[in-house]
Amino acid sequence: AFDKTGTLTYGRLDVSDIISFDEAIDGADLLSLAASAEARSEHPLGKAIAAYAKAKEVPLMESNGFKMTAGRGIFAEVGSHRLLCGNEKFLRENGVLIDNKVQSALERIRTQGKASVLTAENQKCIGVIALSDVLRPEAKDMVSRLSDMHTRTVLLTGDNRKTADYFAQQAGISEVRADLLPEEKVQSIEKLQAENHRVCMIGDGVNDAPALKTADVSVAMGSMGSDIAIDAAEIALMSDDISKIPYLKRL
């Protein structure tokens, strides 16, 4: 079972689109607000937005009341703005209306295999920031070799279905479980174990730690993985070379 971001992909996320849905807020303002809110985030998407803003020398504001909901998003007060940044499910759970204009932008972003972070204020979605990632070139051959070894491969990701399908197709993985919260990754592994499978989970992030602990064998990406993931796993790939996974299976 593979995580996507930072495992099958490089996890070197770069901002590709900044779309404002509020006439009073331009792209630079949206980036400044979102990056200020995400400055303390541990999630790869939040960290990438903050890093991009710093690289572009976009001024960041002090944030207060930071609160993270694992696998969903964050809340932060930036100046007079009370902001939510996260996925569509997170915003809906907090009473934010996702109208046709927002939905249309999200669909376009997802079909391009990009991740997205929505920003909302006062129950209104004010913008979306899209981020692009790149599949590791060795991923497809690695999955093919595992298949030759009669090993079933599954993608377990918090990403939405369209983005997950885009990368799974590139990697040659036919079984995809998307839109998963950390506890739902755990449930997916437990279901596989209930089918008498021995499960190896491969991941890199804070959100992967519970799944790594639940799997029969766990592998963390050693050089870019979070400390929590590395501590939770039994094996660390120190070079982040996933082409070694079939060798690891034989070993």
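**The largest pocket.** Begin by selecting His43, Pro44, Leu45, Asp159 and Asn207: of the 47 residues that line the largest pocket, these lie nearest its centre. The model on display is a predicted one. The space inside this pocket comes to about 930 Å³. To see which elements surround the pocket, colour α1 (4-8), α3, β2, β3, β4, α4 (88-93), β5 and α8 (182-194); each of them supplies at least two residues of the lining.

**The sheet.** Six strands form an open sheet with antiparallel pairing, and their order is β1-β6-β5-β4-β3-β2. At the edges stand β1 (14-20) and β2, each of which pairs on one side only. From one strand to the next, the twist averages 20°.

Now select residues 63-69, which are strand β2, and residues 73-78, which are strand β3. The two strands run antiparallel and are joined by 5 bridges. Which residue of β3 is the bridge partner of serine 63? Selecting valine 78 shows that partner.

In soluble globular proteins, nonpolar side chains tend to be buried together. Select Leu31, Ala37, Ile49, Ile129 and Leu131, which touch the most other members of the largest nonpolar core, a group of 26 residues. At least two residues of this core come from each of α2, α3 (44-55), β3, β4, β5 and β6. Which of these elements gives the most to the core? The answer is α2, with 6 residues.

Centre the view on isoleucine 129 and show what surrounds this residue. Beyond its neighbours within four places in sequence, isoleucine 129 is in contact with Val15, Asp17, Ile18, Leu30, Leu31, Ala34, Ile49, Ala115, Ser116 and Val117. To end the tour, select Met142, Val143, Leu155 and Leu237, which are among the 21 residues of another core, lying apart from the largest one.

Conventions:
Residues numbered from 1 in each chain as written. Predicted model: local features only at pLDDT ≥ 70, side-chain atom pairs only at ≥ 80, totals over all residues. Heavy atoms only, no water. Pairing = 2+ DSSP bridges. Helix = DSSP H or I, 4+ residues; strand = E, 2+ residues; numbered from the N terminus. Axes fitted to C-alpha atoms, helices over the stretch in contact; angles between N-to-C directions. Core = buried A, V, L, I, M, F, W, Y, C linked by side-chain atoms within 4.5 Å. Buried < 20%, exposed > 50% of the residue type's maximum accessible area, 1.4 Å probe, protein only. Contact = heavy atoms within 4.5 Å. 1 Å grid on protein atoms, 1.4 Å probe; cavity = no way out; pocket = protein on both sides within 12 Å on 5 of 7 lines; lining within 4 Å. Points joined across faces, edges and corners; volume = space filled by probe spheres on them.
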